2 protein chains.
Amino acid sequence: MRNPLLVPDLRELLRDGEDVALREFLTDHHPAHVAEMVEDLGPNEGDSLLRLLALRVRAEVLGYLDTDHQVRTVERMNPTDAAALLHLMSHDERADLVNRLDEERVDSILPHLAQAERDDIRKLASYEPGTAGAVMTTDYVTLPPNLTVREALERIRHEALDRETIYYCYVVDSARRLIGFVSLKSLILARPMARIEDIMQRDVIFARVDEDQEAVARQIGKYDLLAIPVVDADDKLLGIITHDDVLDILRQEQTEDILAFSGVSRDAEADEVPYWQSSIPAVVRRRLPWLLMLLLAENLTYPVLEYFDWVRKQNEALGFFIALLIGTGGNAGSQTVGTIIRGISLGEIVGRDSLRVLFRECAVGLLLGLMLGTIGLMYAHLWRHQPWALSSVVGLTILCICIWANTIGALVPLLARRAGIDPAVISAPFISTLVDATGLVIYFTIAIIILIKLPH
Amino acid sequence: MRNPLLVPDLRELLRDGEDVALREFLTDHHPAHVAEMVEDLGPNEGDSLLRLLALRVRAEVLGYLDTDHQVRTVERMNPTDAAALLHLMSHDERADLVNRLDEERVDSILPHLAQAERDDIRKLASYEPGTAGAVMTTDYVTLPPNLTVREALERIRHEALDRETIYYCYVVDSARRLIGFVSLKSLILARPMARIEDIMQRDVIFARVDEDQEAVARQIGKYDLLAIPVVDADDKLLGIITHDDVLDILRQEQTEDILAFSGVSRDAEADEVPYWQSSIPAVVRRRLPWLLMLLLAENLTYPVLEYFDWVRKQNEALGFFIALLIGTGGNAGSQTVGTIIRGISLGEIVGRDSLRVLFRECAVGLLLGLMLGTIGLMYAHLWRHQPWALSSVVGLTILCICIWANTIGALVPLLARRAGIDPAVISAPFISTLVDATGLVIYFTIAIIILIKLPH
């Protein structure tokens, strides 16, 4: 959608002061596209373009700029203008923005806002990152239960301009406790003289303010909601989280899964800290536990290599294949564990499937092993000029290791789930490490059978 | 939210034929919660509970059952009842459901539906999986441009019950070409006598019917849309994709990233095939290319081990640490690549950051290496009773390998991005494999420096 060809034209119009033509052009475009133009134009001309827009549109465009641009644009404004824009922005976006401005700037802007808005910004900025409170917004519609549908629609029309959404309205009692919910659709379908309390849905899906944002996102997804209300311990309504915030939360969650799979310890709080904001010691603290555990597990390879050293001594070339063989095992196991974790998390693999899964992954391992084993055999014989006997040890080991790695790669996440552990914490390095020592045992055992004269 | 304590009570009420009390109880609950009760009750009693509900509510509850339950519930119904339910379900959900029923069942149900509905189901079921067409729905509101706002609201009220969403309405010309868009919010705010064509937004964000579902999901997320219209090559409106479908698409995408990271080749089409539906040969075809490539890369370890064999021969114990050392390198590299891929995909690491990232990851590697290296040194000396000289070779190698693995783990995804390759295809096994051969070179080089008398 981004059209860089526009930029020279916009520059020319700006230089020639063609404000009328520019305004007309801009109103024809989606605020998100105007935001792209502002980003492409750079600070000076971008600011000029923004100034051409009505204040309300400007606030909307600002919301579509990426965070860096938002901060820098507001930093270039005088405090009164900045306050006027903040006044019109959606409440969660403006709280995030204020959170990112430096304190001096905030102190110069906030006095230009009404007390209630200052309190709202401070309040929203004060919730623990990663909780429902930190992502919710406060610009929503509430209705008292005794209103008629006609009165409710009138009120919604009146408030619509300043609300993030008017499609879900929340019914609260005199103490602001959440007691029901009506959608705009149900209001439009109801008789105008019906009372809200008679048509509202009483079984409201809600979130607690200190609940984890991911749990809330999952609720919204599960119930196909446009928004979910957020309440405190006394059921008082504090805010709502809208469907578009869910996507941001899920994007975070998604990358957390990759992180866990790569062998970095899970840490709900640390996972929400952006890359550049986590200190190096904090990063080390998160990575060390798994590395240490894996190092201890890798220690098993020492006694295995030591124990079988007499085998290697009878045929020195055996030693040259070690890294290749356990590497291949680790790679095959990593693929399988990735496949199984995906299947479990999509709900495609359920409890009763365990045996079928194991059988299937063994079969895949067998086929992969046959192909890779043949290649390994030919490689050892033709390229490395090893005799057929040793080459077949290599080929057979690849076959067995592939089957074994696929079994481990399937078994471990299945067992983890059975034990009530989230399979997504099983990392690729964990499976590789498990396969390393056992793979060596397989290798030397096959070597003994095919190659070696046992000492008598 | 799930409350298993309800089940015995529900059973008793069902057995006693307390239909009035049950109906009252059920209308107080969210359809999603009723769906959970139906699932918990099992087939017979679940069906009885469903039958107590008004047909429209029953259709809604059915939509909240998981896919397996949906299919089995419909299979137990007589064709007329099933058709009546399908008639009321949202169009995309019913197309998915029909796709999962066996053909015989479909042939018995469809004749009970109107021709237009049969065509709609067949049409929606015919789009390629993974495209916008396959996830869109057809129950949306269209408006002609010459309507007044008052007339439009009247029409929306009239159609609301049978539409998945009424909050976004699409303006089409006489040839059904998409020419604009109005939100219900803008209709409510507009003067009743204004014409739709005067208030509609002409810069509509849309998707093509054959576009990849993930690209569409990203558009919805980027522009914070409730729904996106789907058009054919002639701009004719074919359907809409709503915000709740985005979450399902993203869940798929998320697990695809895990799969790629585990070393299974990306394949846009195959990624959408559920675990049990992909044939074993198809699975093997997807896993083989990476395994083969990695096997070839692992071959590099052979000449390294062969070349440095004279070093190992001077101190046999050197060989016992090989698997441990390259394993640790692979693990550290895997953590780093996971961290960097996450940072890039969240937009936290941008192009100009590359050098800072490298520096930071080296520093992390240095700290991790110092700690793990000390542990390795003590382990070799105290547990494996190796002399201090060889133990320091082990400790120093761990230190150097950690720094090196972290550098590689950061460098490779950064270079991939610079080369225009999606960094998310860089897998943990790929990094481990890269570190294997180079790690061995580091090990033996340190051994030579500290331990070995060079042959003269």
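Two remarks on conventions first. The model is predicted, so local features need pLDDT of at least 70 and side-chain atom pairs count only at pLDDT 80 or more, while totals for chains, interfaces and linings use all residues. Residues are numbered from 1 along each chain as its sequence is written, chains are lettered from A and ligands numbered from 1 in the order in which they are written, and side-chain values use heavy atoms, with hydrogens and water left out.

Let me start with the interface.

Helices are DSSP runs of H or I with at least four residues, strands are runs of E with at least two, and both are numbered from the N terminus. Leaving out residues up to four places away in sequence, B:T339 touches A:L259, A:V264, A:Y275, A:R287 and B:E361. Is B:T339 buried or exposed? B:T339 is buried, because its relative accessible area is 13%. The cut-offs are under 20% for buried, over 50% for exposed and partly exposed in between, with a 1.4 Å probe and protein chains only.

Next, helix packing within chain B. Helix α1 (residues 6-15) and helix α3 (residues 31-41) pack at an angle of about 80 degrees, with axes 10 Å apart. Axes are lines fitted to C-alpha atoms, for helices over the stretch in contact, and angles run from 0 to 180 degrees between N-to-C directions. The pair α1(B) and α3(B) is therefore roughly perpendicular; under 35 degrees counts as roughly parallel, over 145 as roughly antiparallel, 65 to 115 as roughly perpendicular and the rest as oblique. From α1(B), the residues B:L6, B:V7, B:L10, B:R11 and B:L14 meet B:M37, B:D40 and B:L41 of α3(B). By class, that contact has 6 nonpolar, no polar and 2 charged residues. Nonpolar covers Ala, Val, Leu, Ile, Met, Phe, Trp, Tyr, Cys and Pro, charged covers Asp, Glu, Lys and Arg, and the others, Gly among them, are polar.

Helix α5 (residues 55-64) and helix α7 (residues 79-88) of chain B also pack at about 80 degrees, with axes 9 Å apart. That makes α5(B) roughly perpendicular to α7(B).

Now B:A152, in helix α12 (residues 149-159) of chain B. B:A152 is buried, at a relative accessible area of 0%. Its contacts, not counting residues up to four places away in sequence, are B:L143, B:L147, B:L187 and B:I196.

Last, backbone angles. A:D235 has a phi near 65 degrees, positive in a residue other than glycine. A:D235 sits in the loop between β5 (227-231) and β6 (237-242) of chain A, and counts as partly exposed at 32% relative accessibility. A:H385, also not a glycine, has a positive phi of about 55 degrees. A:H385 is in the loop between α21 (354-383) and α22 (388-418) of chain A and is exposed, at 65%.

Technical notes
Contact = heavy atoms within 4.5 Å.
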